[in-house]
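I opened my notebook to look up a few features of this structure. I started with the ligand and then turned to the chain.

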Amino acid sequence: MPWMEADPLNALEIERAVAILRSGGLVAFPTETVYGLGARALDPMALARIFAAKGRPATHPLIAHVLGQKDARALTTEWSAATERLAAAFWPGPLTLVVPRGEQVPLALTGGGSSVGLRAPAHPMARALIQGLGEPIAAPSANRYQTLSPTTAAHVAASLGDRVDLILDGGPCSSGIESTVVDMTGNTPRILRSGALDFPTLAAVEPALVDASPVALALAPGAAHTAPGMDRRHYAPRTELVVAASREAAIAEARARIRDGQRVGLLLVEGADRAAIPENVRLRALTADPRAYAHDLFAALHDLDEGDADALDVILVEPVPAGPAWRAIADRLRRASELP
Ligand code: TXA
Ligand code: MG
């Protein structure tokens with residue numbers, strides 16, 4: 001597929017992408033969270049191409065990307081005071097608000113449900129695309145179903161290849177982890193998916209907010225979803241991923257597996273004593289700051305997941321600290337460790 005090195009203000013590249021979207025095609029584009037796989041949100045045929053390209057079940061709802069509250073209101077029957085407050089505080093940005101579906105919103109977008117997820121992204125290239133099209137853009141993360149999320153254009157190309165008509169390259173995503181999804185359809189707003197905006201940051205604006213994402217995580221295997229489109233296994237590399245009980249346990253397990261002749265990857269939080277780490281391990285050490293860790297997480301997992309003949313047998317992961325600032329990361333690691 002053609003691959004464009006676009007600078008956000010390059011009108012020609014945006015025009016070309018808009019023309020593809022207008023004719024029902026797929027354009028992958030950068031947002032501040034992860035790369036999105038975009039198509040016209042109000043065109044069921046274009047939406048069908050997203051589901052086909054990702055290999056994603058049609059019951060999993062897609063997020064519609066808009067410029068701001070004005071566009072959002074046109075897609076819903078109810079824009080409450082709380083919704084208005086959250087949008088005013090965090091848009092454009094990594095917050096998806098789930099609101100009642102407006103009549104003109106196709107059921108193909110909502111996975112057949114009566115609500116719709118809306119987000120105004122902050123990335124200038126994403127905004128230029130929505131502006132140029134003059135319509136909302138549906139975009140899930142630009143990766144095959146359940147696999148690692150893409151934070152660079154190269155990740156998109158590796159995962160989707162010719163399944164996408166154009167990839168706009170805006171460099172690495174600044175956040176590196178998906179938007180926080182908040183359900184506004186009930187009596188109290190509830191976080192369905194932890195993400196780039198953490199609970200305390202959102203609760204400072206909306207004190208009634210409930211974090212329902214740990215509930216989704218604690219579900220027994222095979223239990224029903226608490227939110228549509230939230231699988232236990234998600235964000236997963238091809239390689240088996242194991243979150244160890246501690247840093248020491250991760251390193252000890254690495255040593256044991258290497259002794260058994262396995263190829264081992266180790267994902268640590270910076271600060272580990274290098275002398276303790278066995279040789280022959282493929283090591284990534286991420287910064288002990290949750291924002292920096294989130295920024296680099298998917299890129300590190302993509303790296304560790306590379307290779308065919310020399311692919312790793314296992315990726316051992318040091319657990320991240322408890323607490324709200326790490327919750328979205330703990331969620332990604334937990335889901336990535338689920339067996340297929
Ligand atoms: O940061 C992001 O949100 C990225 C960028 C591209 O915007 N998009 C993204 O989309 O992560 P996706 O499809 O990979 O994940 C969106 C998730 C769905 O899996 C679902 O759990 C939730 O958002 N969602 C979307 N619409 C919903 C709805 N109407 N009700 C409940 N959950 C919804
Ligand atoms: Mg996704």
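My entries follow, one topic at a time.

**Entry 1: the model.** I noted before anything else that this is a predicted model.

**Entry 2: around the ligand.** The shell holds 24 residues. Thr33, Arg56, His65, Ser179 and Arg193 come nearest. I then sorted the shell by class. Twelve of its residues are nonpolar, eight are polar and four are charged.

**Entry 3: polar contacts.** Which side chains place a polar atom by an oxygen atom of ligand 1? Arg193 has a polar side-chain atom 2.9 Å from an oxygen atom of the ligand. For Arg119, a polar side-chain atom lies 3.1 Å from a ligand oxygen. For Ser141, an N or O atom of the side chain is 3.1 Å from an oxygen atom of ligand 1. I checked the cover next. On its own, ligand 1 has 670 Å² of accessible area, and the protein covers 98% of that.

**Entry 4: the pocket.** Where does ligand 1 sit? The space that ligand 1 takes is the largest pocket. I asked which elements give two or more residues to the shell. They are β4 (63-65), β6 (115-119) and β10 (190-193). β6 gives the most, with four residues.

**Entry 5: aromatic pairs.** I searched the whole structure for aromatic pairs and found three. One of them joins Trp79 and Trp91. The centres of these two rings are 5.9 Å apart. Their planes are at 50° to each other, and the pair counts as tilted. The pair links distant parts of the chain, with the partners twelve residues apart. Trp79 is in the loop between α3 (69-73) and α4 (81-90). Trp91 is in the loop between α4 and β5 (95-100).

**Entry 6: backbone details.** I stayed with Trp91 for one more look. Is the peptide bond from Trp91 to Pro92 cis or trans? The bond is cis, with omega near -10°. Pro92 is placed in the loop between α4 and β5. I also noted Gln146. Its phi is near 70°, a positive value in a residue other than glycine. Gln146 lies in the loop between β7 (137-138) and α7 (153-160).

Note on methods. Residues are numbered from 1 along each chain as its sequence is written. Chains are lettered from A and ligands numbered from 1 in the order in which they are written. This is a predicted model: local features need pLDDT of at least 70, side-chain atom pairs count only at pLDDT 80 or more; totals for chains, interfaces and linings use all residues. Side-chain values use heavy atoms; hydrogens and water are left out. A residue is near a molecule or strand if one of its heavy atoms lies within 4 Å of it. A polar contact is a pair of N or O atoms within 3.5 Å; within protein, one must be able to donate a hydrogen and the other to accept it, and residues adjacent in sequence count only if both atoms are side-chain atoms. Accessible areas come from the Shrake-Rupley method with a 1.4 Å probe; for residues, only the protein chains shown count as cover. On a 1 Å grid over the protein atoms alone, a cavity is a set of points where a 1.4 Å probe fits but cannot get out, and a pocket is an open set with protein on both sides within 12 Å along at least five of seven lines; lining residues have an atom within 4 Å of a point. A molecule sits in a cavity or pocket if more than half of its atoms lie within 2 Å of its grid points. Ala, Val, Leu, Ile, Met, Phe, Trp, Tyr, Cys and Pro count as nonpolar, Asp, Glu, Lys and Arg as charged, and the others, Gly among them, as polar. Rings of Phe, Tyr and Trp (its six-membered ring) pair if their centres lie within 6.5 Å; planes under 30 degrees apart count as stacked, over 60 as edge-to-face and the rest as tilted.
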